[in-house]
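Hi,

Here's the structure I said I'd pass along.

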Amino acid sequence: MVNSNSKGGSSLEDFGIEYASAIESTSLVNIKDKYGLFIDGNFVDSSSGKSFKTLDPSTEKPLSVVAEASSDDVDRAVRAAGVAYEKYWKKMPGADRARYLFRIARHLQERAREFAVLETLDGGKPIKESRDVDLPLAAAHFFYHAGWADKLEYAFPQRQLEPHGVVGQIIPWNFPLLMAAWKLAPALACGNTVVLKPAETTPLTALLLAEIIRDVDLPPGVVNIVTGAGETGSAIVEHPEVNKLAFTGSTEVGKLIQRSAIRRNLPLTLELGGKAPHVIFEDAALDQAIEGVINGIFFNQGHVCCAGSRLLVQESIADNFIDRLQKRIELLRVGNPLDKNTDIGAINSQAQLERIDQLVKAGIEEGAEVFKPSCSLPENGYWYPPTVLTGVQQSHRVAREEIFGPVLVVQTFRTPEEALEKANNTPYGLSAGIWTEKGSLIHWMAERLRAGVIWANTFNKFDPTSPFGGYKESGFGREGGMHGLAAYLKNSGGRS
Amino acid sequence: MTGKIPIAKTYKLFIDGAFPRSESGRTFSVNDTEGELIANVSQASRKDFREAVRAARAAQLPWASRTAYNRGQILYRVAEMLESRKTEFVELLKSIGVNSRSATREIEDSIQRWVWYAGWSDKYSQILGSVNPVSGPYFNFTVPEPTGVVGIIAPTEPSMLGLISRLAPAIVSGNTVVVVSEGHSSLTSVTIGEVLATSDVPAGVVNILTGDQTDLLPWMVGHLDVNAIDISGISQETDLTLIEEAASNVKRVVSRQVNEESLELLSDFLEMKTVWHPIGR
């Protein structure tokens with residue numbers, strides 16, 4: 001969509017540039033009328049007969065109907081995983097496990113376009129992101145971890161380690177396939193079997209992955225995928241034969257899961273929410289910093305746990321920086337996620353849209369000034385324009401709570417010490433960004449920021465070799481790299 | 001003639017480098033194996049616990065900011081101070097029921113434990129950190145950092161080696177700690193505090209509270225400025241639902257029945273930080 005601009009001087013039209021729409025074809029994707037649960041190598045109906053609809057959030061049109069796993073179904077899945085662990089996976093040499101993972105990676109690469117379109121349809125994210133980020137990274141995660149499967153003793157010398165057995169994994173709706181890859185690849189490489197639950201608003205790519213898992217002849221029961229909402233998740237968390245839990249999602253739910261894990265002394269890793277500071281010093285390369293800030297908060301509609309949602313800009317450049325930022329935001333194209341030109345797609349669900357709207361209203365009530373570009377939004381579907389809130393105080397809800405939408409909150413600072421104080425003034429600690437041309441300042445900040453991932457003069461970069469995870473209430477444990485393997489192994493003969 | 005009546009030690013808390021009594025004014029008595037009173041020991045309250053956390057928080061960044069080399073030297077200094085007080089610890093352990101031979105062995109092992117962890121101070125980063133070959137023009141590395149403020153439930157057996165085996169791996173990387181000790185082991189814990197107070201360990205890095213672990217446990221588990229807890233020392237009968245509140249701020253909960261030298265124990269109180277920077281001209 002082409003934006004008109006009330007501020008003048010920076011819209012695409014003013015440059016005489018218009019984007020013709022370039023809609024990605026959906027012909028590659030064959031969405032079934034209904035989907036079953038993937039248990040023990042087969043797609044099966046739920047025992048209760050219950051199901052739920054999954055929508056295209058950009059149109060609100062139903063895409064398909066998906067089985068809702070009851071606790072009986074989860075029980076079946078866990079048992080299947082337990083049998084598969086004893087019967088196949090535990091005995092299989094690492095080199096053979098590796099071959100299965102390499103196969104999955106290759107199939108994902110081969111069917112990447114189909115997956116990307118389905119991801120965009122079911123979740124609302126722009127096709128250029130699902131195509132250029134989600135899919136390549138998902139395949140890379142399987143490829144990277146495949147290579148570890150027969151080399152684990154090199155990662156942990158002098159330790160006698162073994163897999164946990166059955167692992168329960170619960171993943172969110174913001175990167176549905178990628179999070180499945182982050183969870184499955186290391187678990188399988190380390191020799192565990194899995195029961196995975198995708199989010200209820202985005203189950204389709206995980207179910208398509210189940211087809212690949214069947215196509216590559218992975219032994220039945222090694223991976224089981226059960227769809228459903230919170231109750232299905234609880235059934236996994238509470239199941240007595242699950243030996244380890246991994247959860248990515250909200251801090252609120254993560255805390256409930258941690259309580260359950262503590263009661264039962266169960267190994268757990270959590271990747272939770274964030275409220276990342278994005279710190280811009282006056283000597284930063286401003287054009288690059290603007291792009292970094294835009295990417296930091298508007299990538300995937302801001303539905304990113306590590307999103308750079310709190311802009312901390314040095315006072316001496318604040319007015320200029322915010323002015324340039326707003327001009328850049330005017331150029332963002334919000335609309336049809338399947339359009340290859342789209343920068344910002346649909347909000348994932350009605351519930352999330354309401355939460356974003358409610359928090360922004362709270363911010364305005366508490367005294368923030370709001371900037372929204374002059375773009376129009378499609379009539380149907382769930383949409384929220386890119387938004388900037390200035391005049392925000394540390395005590396405001398919008399400065400403290402995770403919004404998980406395309407909303408940037410701006411504060412200023414004078415000295416590096418003040419920047420650090422404000423940046424660390426949060427219960428979260430997932431990620432942080434720094435922009436300055438001064439190397440020593442980068443390292444000074446990077447050393448003191450209490451966050452698990454620091455992006456300096458860049459933002460939102462991910463790689464299977466690079467450990468990802470939080471400090472404080474953003475969770476514990478790492479995903480990716482050698483460090484990510486540790487979560488899926490335990491000392492032989494004992495826990496943790 | 002004076003001097004024939006021995007002067008008994010007052011067992012007090014160890015908070016922020018000082019030895020205050022409990023603000024509650026309470027004490028509990030510890031008897032020797034014959035049933036004779038050894039001491040009335042300060043019984044820490046919730047408020048004492050908060051004071052200890054405040055001191056630990058204030059000391060954490062400065063302690064972590066010291067060079068690894070310096071932290072290593074200070075831990076080695078603890079070993080030196082312990083060596084010079086061997087006889088005192090033998091007598092103390094004997095009074096609470098440890099036989100002479102075991103007591104001597106326990107002290108030797110405790111000294112060696114400080115020496116072993118002292119040597120790790122400038123080495124674990126190289127073992128546990130990494131440079132990551134990401135697919136793109138970025139320099140990407142992962143370094144371990146201390147978790148922050150750690151609450152430790154002191155093991156009751158063995159009282160000296162048990163506590164030192166938890167304490168040294170927690171502080172060597174720059175964490176600060178609040179220890180809760182009870183019963184007979186309180187005497188050992190406080191005496192270890194006296195060693196630390198004369199070992200160049202900065203005030204607040206280690207704080208030691210004596211009292212009733214079951215009473216103090218909820219305050220430790222629920223305190224929002226405690227980042228991690230080591231509950232390896234709790235009794236087997238402890239109801240784990242008492243620990244649940246640790247989730248209120250997503251504390252790292254460590255329970256590891258290991259009493260040997262262990263790099264894993266050191267790793268339990270580390271966070272991994274990954275830094276990305278572009279490579280270009």
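Helix 2 of chain B passes helix 4 of chain B in a left-handed crossing. Bear in mind that this is a predicted model. The two axes, of helix 2 (residues 68-84) and helix 4 (residues 100-120) of chain B, come within 8 Å and cross at roughly 170 degrees. Because of that angle, helix 2 of chain B is roughly antiparallel to helix 4 of chain B.

Who makes the contact? From helix 2 of chain B you get Gly72(B), Leu75(B), Tyr76(B), Val78(B), Ala79(B), Leu82(B) and Glu83(B), and from helix 4 of chain B come Ser110(B), Ile111(B), Trp114(B), Val115(B), Tyr117(B), Ala118(B) and Gly119(B). Sorted by class, that helix 2 to helix 4 contact in chain B has 10 nonpolar, three polar and one charged residues.

Now for the two chains together. Chain A puts 36 residues in contact with 30 residues of chain B. On the side of chain A that touches chain B, the elements giving two or more residues are helix 9 (251-263), helix 15 (439-448), strand 18 (453-456), strand 19 (475-476) and helix 16 (481-485). Helix 9 of chain A gives the most, with six residues. By class, this side of chain A splits into 16 nonpolar, 12 polar and eight charged residues.

Cheers

Terms used. Residues are numbered from 1 along each chain as its sequence is written. Chains are lettered from A and ligands numbered from 1 in the order in which they are written. This is a predicted model: local features need pLDDT of at least 70, side-chain atom pairs count only at pLDDT 80 or more; totals for chains, interfaces and linings use all residues. Axes are lines fitted to C-alpha atoms, for helices over the stretch in contact, and angles run from 0 to 180 degrees between N-to-C directions. Helices (H or I, at least four residues) and strands (E, at least two) are DSSP runs, numbered from the N terminus. Angles under 35 degrees count as roughly parallel, over 145 as roughly antiparallel, 65 to 115 as roughly perpendicular and the rest as oblique. A crossing is left-handed if the near helix is turned anticlockwise from the far one by less than a right angle, and right-handed if clockwise. Two residues are in contact if their C-beta atoms, placed from the backbone, lie within 7 Å. Ala, Val, Leu, Ile, Met, Phe, Trp, Tyr, Cys and Pro count as nonpolar, Asp, Glu, Lys and Arg as charged, and the others, Gly among them, as polar.
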